[in-house]
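Here are my notes on this model, in numbered points. Please keep the structure open while you read them.

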Amino acid sequence: MSLLNLGIVAHVDAGKTSLTERLLFEAGAVARPGSVDDGTTRTDSMDLERRRGITIRAAVTSISLGGLTVNLLDTPGHPDFIAEVERSLAVLDAAVLVVSGVEGVQPQTVAIWRALRRIGVPTMVFVNKVDRRGADVDRVVTQLRQRLGARPVLFGAVTGAGRRDARVRPVPLDAEQVVETVAEVDDTVAARWLDGAPARVRDVRRAVRRAVRRSALTPVACGSAITGAGVPQFRRILADLLPRCPETGGPPAGTVFAVDRDTHGRRAWLRLWSGQLTVRDRVAIGAGRPQTVTQIAVSEPGGVLVRPTVAAGRIAAVRGLTARIGQHIGEPPRRHLYRFPPPTRQATVEPVDPAQRLRLFAGLAELADEDPLVDPRLDEQRSEAVIRLHGEVQKEVIAALLEDRFGVRVRFSGTLIACIERVSGTGTAEERIREHGNPYLAGLGLRVEAAPVGHGIEFRPGIEPGRLPAAFVTATEEGVRAALRQGRHAWPVTDCVVTMTSSQYCPRQSRPHQKFDKSLSTIAADFRNLGQVVVATALRRAGTRVCQPVERFDVNLPPHVLDAVTALLGRAGAVIDDTTAAGGYLEVSGVLPSTRVPGVVSALPDLTGGEAVLTTRFDHYAPITTGPAPSLPRRGPDPAIREEYFRAVPR
């Protein structure tokens, strides 16, 4: 049976979850379509999703369309959850972008479209809500052309738009307007059209399939997910024109795109690109050690069912693997080796009841396992943690999840732009056993030096392999990485190489006729704690620069407001790279410091009469060159102040 892994994506409230429910109903998977307002949808399974009426986590369900099995991924629509959307896009064969026939193309529609194009996902559009007052399919198709730069081809005509009894008439493949659009991208169809010969349906179908696969054409269907108008035609387009999952053999390769938990524990959701996976198989995650698959549950039209194997193209929930989101089994196709941008904001969260701090930390660790971009950094002494965020709604959702799942009520302090620190030069430091107040039975020398942008943190044992037990080398690396989570200004340090240059330790020993005595012998904690002190000292000598996030922006706007918008961007410190024409509108692109984005967002509507659409995306970090470098309050003792650290962290 053929397979299609299909994502349903949209701006919030465009009706994507309702469309998913309608598809389930039409396929006979549910007795009646669920309602977002009533909290009865199948894909919004979290209590919080049902209470708020929004999708927070991507959900998988399956239907049959004749001989085609379609795995549907319903994704969030709110901008704060764009990372969840992009994780799902990376494992799709195709996507449906749902656009409201009333509101038309919205800013989040543009952001999702650009993500689809960036990742290379073939896409069609469903214009929803044709039964609502104010619906105008022709206006939306024009917006698709002008705002998105798409080449839409419409396969439906609405009668009675804006009324409850609105109907959709299918437009055949050999209709003049379809052939004319397809002829723009296919030479075979163009040749017959220019000669005045009637188009052959098989030629047009083949041309549309090729064009959709390379994103040269965007099929457009229209209808109402609530009444079901136009949905049968939409289903036919799904089965007829969208690219299906290719059958591939070879060794197993897959991508983890979600992690969740049920009553039986943790599950890693993965898309298998090639080969097959069987219970009891041992597979390596990335460069890690092999792990054993203990259970496989495959998404099928009958539900998520436990199976002994999962084949290429399928989506499955796998137990036994500690894989995190974005990690791979084997070698996935190059298109799917996608790096997700980090959030550019952070906030401090603390429990209302300080006695619940351990429960808070455990809850945040579990949420970070399900969304690694949250990246909590814990401060047990202050009973608080710092987490990464995409926006305010995500903050509300995290607070609700902590209360619902872990019984912890929390409060947040101010949201800040999340900076990093990069090493400026080279610094060295050394501590020796029983010298200068060193309380640990360990001696250690480290060198810190800058590395290229994007290198991350690299730890090198240097000359120590063979001279130092492996456990002590590992403990040193743990201490180094822990210390680098807070640099000289308390921001995370990255893009550096840390090398061990010397070491000392006391072998295992005991007093006469007694058992092992750790007061006489070096233990791993000695190197773990001392590593933080030594690397902090070396870092201070090397120096660091605070770097702020810079976002790439695209503004789609009418020509008459260009001067006003470019002046606004200039005052905000933007660097404009390019200005191009797109369907009667202009596309202005460039980079802008994240700190200035909120001001631009708030000023654009009044400046442009609501006609400009701005989308932003993290691009890179750049050194702060004006004013003093911003610092954070330090969490925990500062290893760079060695005497205070030694008192706070005794042996």
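1. Start with a loop. Arg434 lies between strand E25 (426-431) and strand E26 (442-450). Helices (H or I, at least four residues) and strands (E, at least two) are DSSP runs, numbered from the N terminus. Arg434 has a positive phi of about 60°, although it is not a glycine. Most residues other than glycine have a negative phi. Is Arg434 buried or exposed? Arg434 counts as exposed, because its relative accessibility is 62%. The cut-offs are under 20% relative accessible area for buried, over 50% for exposed and partly exposed in between (1.4 Å probe, protein chains only).

2. A word on the source. This is a predicted model, where local features need pLDDT of at least 70, side-chain atom pairs count only at pLDDT 80 or more, and totals for chains, interfaces and linings use all residues. Residues are numbered from 1 along each chain as its sequence is written, and side-chain values use heavy atoms, with hydrogens and water left out.

3. Now look at Lys129. Its phi is near 65°, a positive value in a residue other than glycine. Lys129 sits in the loop between strand E5 (123-128) and helix H5 (137-147). Lys129 counts as buried because its relative accessibility is 14%.

4. Next, the nonpolar cores. Such a core is a set of buried Ala, Val, Leu, Ile, Met, Phe, Trp, Tyr and Cys residues joined through side-chain atoms within 4.5 Å. The largest has 46 residues. Which of its residues touch the most other members? They are Leu6, Val96 and Phe234. Leaving out residues up to four places away in sequence, Phe234 touches Leu19, Leu23, Val96, Met124, Phe126 and Ala221. Contact means heavy atoms within 4.5 Å. Another core, of 39 residues, lies apart from this one, and its members include Val9, Leu73, Leu97 and Ala115.

5. Check Trp269 in strand E11 (residues 265-274). Trp269 counts as buried, because its relative accessibility is 8%. Its contacts, not counting residues up to four places away in sequence, include Val60, Phe257, Val304 and Ile315. Trp269 and Ile315 are 46 residues apart along the chain, yet their C-alpha atoms are separated by 7.1 Å.

6. Gln548 belongs to strand E30 (residues 544-557). Gln548 is buried because its relative accessible area is 17%. Beyond residues up to four places away in sequence, Gln548 touches several residues, among them Cys419, Pro593, His620 and Tyr621.

7. Turn to helix H6 (residues 176-183) and helix H8 (residues 201-213). Their axes come within 10 Å and cross at roughly 50°. Axes are lines fitted to C-alpha atoms, for helices over the stretch in contact, and angles run from 0 to 180 degrees between N-to-C directions. H6 and H8 are therefore oblique to each other. Angles under 35 degrees count as roughly parallel, over 145 as roughly antiparallel, 65 to 115 as roughly perpendicular and the rest as oblique. Val178, Val179 and Val182 in H6 meet Val204, Ala207 and Val208 in H8. By class, this contact has six nonpolar, no polar and no charged residues. Here Ala, Val, Leu, Ile, Met, Phe, Trp, Tyr, Cys and Pro count as nonpolar, Asp, Glu, Lys and Arg as charged, and the others, Gly among them, as polar.

8. Last, H6 and helix H7 (residues 187-195). Their axes come within 8 Å and cross at roughly 125°. H6 is therefore oblique to H7. Val179, Glu180, Val182 and Ala183 of H6 make the contact with Val189, Ala190 and Trp193 of H7.
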